[in-house]
Amino acid sequence: MSKNFGLIGAGGYIAPRHMRAIRDTGNKLVAALDPSDSVGVLDSYSYDVAFFTEFERFDRHVDKIRRMNGENKLHYVSICSPNYLHDSHIRFALRIGADAICEKPLVLNPWNVDALAEIERETGRKIYNVLQLRLHPAIQQLKKVINEQPSADGHKHEIDLTYITSRGKWYSVSWKGDDSKSGGVVTNVGIHFFDMLMWIFGSVQHHEVHLAEPNKMSGFLELENAKVRWFLSLDSEDLPDDVKSAKKTTYRSLQLDGEEFEFSEGFTDLHTEVYRDILSGGGFGLEDARPSINLVYELRNAKATKVNGDHSHPFISKAGKVLCL
């Protein structure tokens, strides 16, 4: 049976992937909300979506269709709004009798997870987080290999994670440049990688932050089965020279025990796979999301420390000075 969806944050970058997932899983987007009216992309998926720029009118419409005819009520609300609004919009979804499908980060602070767990219990509805890297075929295969070949004699895998995604001046002016709203670089662009690594290599035993600037961060993680040097940046100057020469704006690399782990392909339909998983009774809930939320909260509130020998990422000297020695 086809399900009805609402969408909050229809004008955002990631929203079209949710629209495509709703359509491609045979379901219907019936109502959408965004303060911006630059949402012509909706026409690519349906001409029948009720669109609102004011939350109050969206709320009124959703409540009206719920009361008029139970068959037209929303079964799910997809949430693509700014990070700091996620928990509020999740609560709205559950209170109208729908389940919530929310982009990363689910929330910014660990205690927000506890509050959402309470409303899940109160309403009997479900909160799902979009952790699409867990459904990437190459990553699933890596997890299988790691699980089948446990480390011997305490040996841990060595990992260098590098992600540079160039952003212009607009970024710092938008909500994404406000750490209180986005959670900063480590949350906004790093959380899905940290979730992936903990999902495969186990929980965090120790962490360090070596560089903490508004547009880049770097540090070290020790997981149960891996040691991870990580570097995240929005600064195009940090791109390797060959990437700049090729006029590319993004660089993603994961070195595993000295070998490049290739997972740059296969991202196109991962949101659709997330929706299929949820609709078939799977999905990733609050407790799945909790470890990465805890970690990025601790990292963004950590004081940058002196670079620690082999723990420092190779890009750290190129990126700039350490804030605190």
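User: Which elements each supply at least two residues of the lining of the largest pocket?

Analyst: There are helices and strands among them. The helices are H3 (86-95), H6 (170-173), H8 (184-188) and H9 (191-201). The strands are S7 (157-165) and S11 (250-256). Keep in mind that this is a predicted model.

User: Which element gives the most to that lining?

Analyst: Helix H9 does, with three residues.

User: What makes this space a pocket rather than a cavity?

Analyst: The space in a cavity is one where a 1.4 Å probe fits but cannot get out, whereas a pocket is an open set. The largest pocket holds about 1,200 Å³ of space. Its lining has 43 residues, and Tyr13, Ile14, Glu103, Lys176 and Asn188 are the closest to the centre.

User: How do the lining residues divide by class?

Analyst: The lining of the largest pocket has 18 nonpolar, 18 polar and seven charged residues. Glu and Lys count as charged, so Glu103 and Lys176 belong to the charged class.

User: What is known of the second largest pocket?

Analyst: About 220 Å³ of space lies in it. Its lining has 16 residues, and Tyr171, Ser172, Pro214, Asn215 and Leu234 lie nearest the centre. H6 and H8 each give two or more residues to this lining. By class, the lining of the second largest pocket has four nonpolar, seven polar and five charged residues.

User: Why is the pair Arg66 and Asp63 called a salt bridge?

Analyst: Set the distance against the cut-off. A side-chain nitrogen of Lys or Arg must lie within 4 Å of a carboxyl oxygen of Asp or Glu. Here the N to O distance is 2.8 Å, so the pair qualifies. Both residues lie in helix H2 (residues 55-68), three residues apart, about one turn of the helix. Asp63 and Arg66 are also linked with Arg67 in a network of salt bridges. The structure holds 17 salt bridges.

User: Why are Arg66 and Asp63 called partly exposed?

Analyst: Buried means under 20% and exposed means over 50%. Arg66 has 32% relative accessibility, so it falls in between. Asp63, at 27%, does so too.

User: What makes Arg229 and Asp160 a salt bridge, and where do they lie?

Analyst: Their closest N and O atoms are 2.7 Å apart, and the cut-off is 4 Å, so the pair counts. The bridge links distant parts of the chain: Arg229 is in strand S10 (residues 226-233), Asp160 is in strand S7, and they are 69 residues apart. Arg229 is partly exposed at 22% relative accessibility. Asp160 is at 16%, under the 20% limit, and is therefore buried.

User: What does the salt bridge of Lys216 and Asp235 tie together?

Analyst: The side chains of Lys216 and Asp235 meet at 3.0 Å, N to O. Lys216 is in strand S9 (residues 216-223) and Asp235 is in the loop between S10 and helix H10 (241-245), so the pair ties together parts that are 19 residues apart in sequence. Both Lys216 and Asp235 are buried.

User: Is Gly9 buried or exposed, and how do you know?

Analyst: Gly9 has a relative accessible area of 7%, and the limit is 20%, so Gly9 is buried. Gly9 sits in the loop between strand S1 (4-8) and helix H1 (15-24).

User: Which residues is Gly9 in contact with, leaving aside its neighbours within four places in sequence?

Analyst: They are Ala15, Leu33, Asp34, Cys80 and Ser81. Gly9 and Ser81 are 72 residues apart in sequence, yet their C-alpha atoms are 4.4 Å apart in space.

Terms used
Residues are numbered from 1 along each chain as its sequence is written. This is a predicted model: local features need pLDDT of at least 70, side-chain atom pairs count only at pLDDT 80 or more; totals for chains, interfaces and linings use all residues. Side-chain values use heavy atoms; hydrogens and water are left out. On a 1 Å grid over the protein atoms alone, a cavity is a set of points where a 1.4 Å probe fits but cannot get out, and a pocket is an open set with protein on both sides within 12 Å along at least five of seven lines; lining residues have an atom within 4 Å of a point. Grid points are joined across faces, edges and corners, and a volume is the space filled by probe spheres set on the points. Helices (H or I, at least four residues) and strands (E, at least two) are DSSP runs, numbered from the N terminus. Buried means under 20% relative accessible area, exposed over 50%, partly exposed in between (1.4 Å probe, protein chains only). Contact means heavy atoms within 4.5 Å.
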